Amino acid sequence: MPLGPAIVLGVQFSEDTLCRTRAAAAMFALPPLLLLLLSLCPGPGPGPGSEAKVTRSCTETRQVLGARGYSLSLLPPAVISGEHLRICPQEYTCCSSEIEQRLTWETEATFRGLVEESGSFLVHTLAARHRKFDEVFREMLSSSEHSLALLFHRSYGHLYSQHAPVFTGLFSRLRDYYERSGEGLEDALVDFWAQLLEKMFPLLHPHYIFSPDYLFCLTRLASSPDDSLKPFGEAPRRLRLQITRALVAARAFIQGLETGRDVVSETLKMPLSEGCRQAVMRLTGCPLCRGVPSLPPCRGFCLNVAHGCLSSQGLDPDWGAYLDGLLFLAEKLQGPFSFELAAQSIGVKISEGLVYLQENSAVVSAQVFRECGNPQRAPSRARRAPAPREEVSRLWTPAAAAAAGAGAAGTEEERPTTAAGTSLNRLVWELRDRLGRVRGFWAGLALTVCANPRMAADISQEAAPCWTGAGRGRYLSPVVASSLEQLENPELDRESLRSDVQTRRRRLQLRLATTRMRAAALGRDMELEDWDEEEEDASGSGEGQHYADDWMAGAAAVAPPARLPRPPRRDTSGGKGGGVLVRHNQGRSRTGGTSVGFHTQPILILFLSALALLGPR
């Protein structure tokens, strides 16, 4: 029954007032424990997007961006609708379109700066090793030339001084080959022995006059494919074997270090794709637009962004094969292809060849006279005076050659060092140690970047709320670390995960450098070798049998399948007796720069470029 108005102590109360009074009295009648439990029960919690309802201030964002140099006039004083945003969540924002664009550039620069900073030690390592090894190889050649000149002058006297340009010309050609600015190494060695024969053969026969045509016949006979005339015995072949494989290996090794340095440097400075720019902006820029600049990005969020962007533009899986090629070739340079021992052997082999020519002069002269005819006998008053007896005896005795060889070669225990006191063995040991530290660089680069507090929350705070890309919470998407599984990466689309043309070009350069180093470790020069002929030889004898690994200086070496030598061509425009030897190049192009660079056969580059650029990505 409805209650009417009540009068209490002379005051009239309405029916509604009485109902509220009775309800309050009932509450006081509840047990105290129940009241306590009711007070502890939480109310309805914030659901998804509750952060949008709680944080609606731009004060912190204005302070942070103002400290970075942003004009406060471009920043709204309070949150505004985010419908104009292209990257960040559009519910509400503290950023205008211009601020969002500037933050996109800034976050990309920060990400790239961290990548470049993380890899700076790698570039420095490759650059320092390249400089050190290059200095050592050049100094060894210079030391070998100086030692040969000193010892030959002391052993052979005036005869060496007369013909010193022949020897200095050889070392000049060796340096040109190492720097890739001269002709092939085999041509240089063949021309040297031909010029030496032209100088030495007339000394054996001072009573004859040898015309330029006769000397051309002599050098052509010595360079004949059937090796019917060996005026210097086995010395030219053994010198070619030792010098060729050592210089080929050293040049490929230096070029490999140089290529690695340049490729890594370019890769670390890579621009991000559009998809990666947006992902990095969502990671580190959107918290500012959301008004929570102090909220760190979730670690899993950062790892997915970094793995996706770096795997598509990094150097894996070619990086590991490149390091293996460097170490494999370095071991060869330290052992069977020792550059030190090869440089020391130059004077030894030349001395051996001169002694052989003296001891077999009768047989060699008879064969030359038979093939080229008898030379014109010089008039008695025009005959050249023979060299002094003491100098002739010093030049043509095995004792002099042995003395020169002992001084040039030294002992194996006396390992030569550079002017700075660094031996090749020590450099190889240091290289092995440093390359071991950088083997997993590209695989671990994402972890290195996300370890920076500007990019992600600390690993010890993974349970704390963080920026998920949409708001405050926990990042629940799985982390995709494998480069083979990046198509499952939730933060990047398929287009962003594809490698661009420049990345594929850099990977191709790294593969070519690796291939060249592995070929050099087998004694093969990819740039000068006729691959068709060599593959036919390898199919019958095995690719690894080009050179024997148990070679030591002074020991009999196992020769590679030799290509037939080409006779030198004489340019007689210089007048009588002044002809210049010119090699037939047989269609080969030997152009190059003055520094050690990256050179490959054009057909090989075209073929591999087509595979890299047009093949499956």
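Start by selecting R437. At 62% relative accessibility, R437 counts as exposed. Keep in mind throughout that this is a predicted model.

**Stop 1: a pair within one helix**

D433 is partly exposed, at 30% relative accessibility. The side chains of D433 and R437 meet in a salt bridge, 2.7 Å from N to O. Both sit in helix α19 (residues 424-437), and because they are 4 residues apart, about one helical turn separates them.

Next, select E108, R112, E274 and R277. Salt bridges with shared partners join these four into one network. Across the whole structure, a search finds 23 salt bridges. Side chains of opposite charge can pair when their charged atoms come close.

**Stop 2: pairs between distant parts**

Select D525 and R251. Their side chains form a salt bridge at 3.0 Å, N to O. D525 is in the loop between α21 (501-521) and α22 (531-541), while R251 belongs to helix α10, so look for partners 274 residues apart. Are these two buried or exposed? Both D525 and R251 are buried.

Now move to R511 and D318. This salt bridge also has an N to O distance of 3.0 Å. R511 lies in helix α21 and D318 in helix α14, so the pair ties together parts 193 residues apart in sequence. R511 is partly exposed, with a relative accessible area of 37%. D318 counts as buried, at 13% relative accessibility; the cut-off for buried is under 20%.

**Stop 3: the nonpolar core**

Select F133, F137, F253, W319 and I350. These are the residues with the most contacts inside the largest nonpolar core, which has 126 residues. In soluble globular proteins, nonpolar side chains tend to be buried together.

Center on F253. Which residues does F253 touch, not counting those up to four places away in sequence? The list is F133, F137, L326, L329, A330, L333 and L431.

**Stop 4: α8 against α15**

Show helix α8 (residues 185-204) and helix α15 (residues 339-359). Their axes come within 11 Å and cross at roughly 40°. The crossing is right-handed. On the α8 side, color F192, W193, L196, M200 and L204. On the α15 side, color K349, I350, L354, L357 and Q358. The contact residues divide into 8 nonpolar, 1 polar and 1 charged.

**Stop 5: helix α20**

Select residues 441-450, helix α20. Which of its residues are buried? They are F441, W442, L445, A446, V449 and C450. Show their surroundings next. The buried residues of α20 pack against α5 (97-156), α10 (235-268), α13 (299-313) and α14 (318-334).

**Stop 6: R175**

Finish at R175, in helix α7 (residues 164-179). R175 is partly exposed, with a relative accessible area of 24%. Leaving aside neighbors within four places in sequence, R175 is in contact with L141, S142 and E145. Now draw a distance from R175 to L247. The two are 72 residues apart in sequence, and 9.5 Å apart in space, C-alpha to C-alpha.

Technical notes
Residues are numbered from 1 along each chain as its sequence is written. This is a predicted model: local features need pLDDT of at least 70, side-chain atom pairs count only at pLDDT 80 or more; totals for chains, interfaces and linings use all residues. Side-chain values use heavy atoms; hydrogens and water are left out. Buried means under 20% relative accessible area, exposed over 50%, partly exposed in between (1.4 Å probe, protein chains only). Helices (H or I, at least four residues) and strands (E, at least two) are DSSP runs, numbered from the N terminus. Contact means heavy atoms within 4.5 Å. Axes are lines fitted to C-alpha atoms, for helices over the stretch in contact, and angles run from 0 to 180 degrees between N-to-C directions. A crossing is left-handed if the near helix is turned anticlockwise from the far one by less than a right angle, and right-handed if clockwise. Ala, Val, Leu, Ile, Met, Phe, Trp, Tyr, Cys and Pro count as nonpolar, Asp, Glu, Lys and Arg as charged, and the others, Gly among them, as polar. A nonpolar core is a set of buried Ala, Val, Leu, Ile, Met, Phe, Trp, Tyr and Cys residues joined through side-chain atoms within 4.5 Å.
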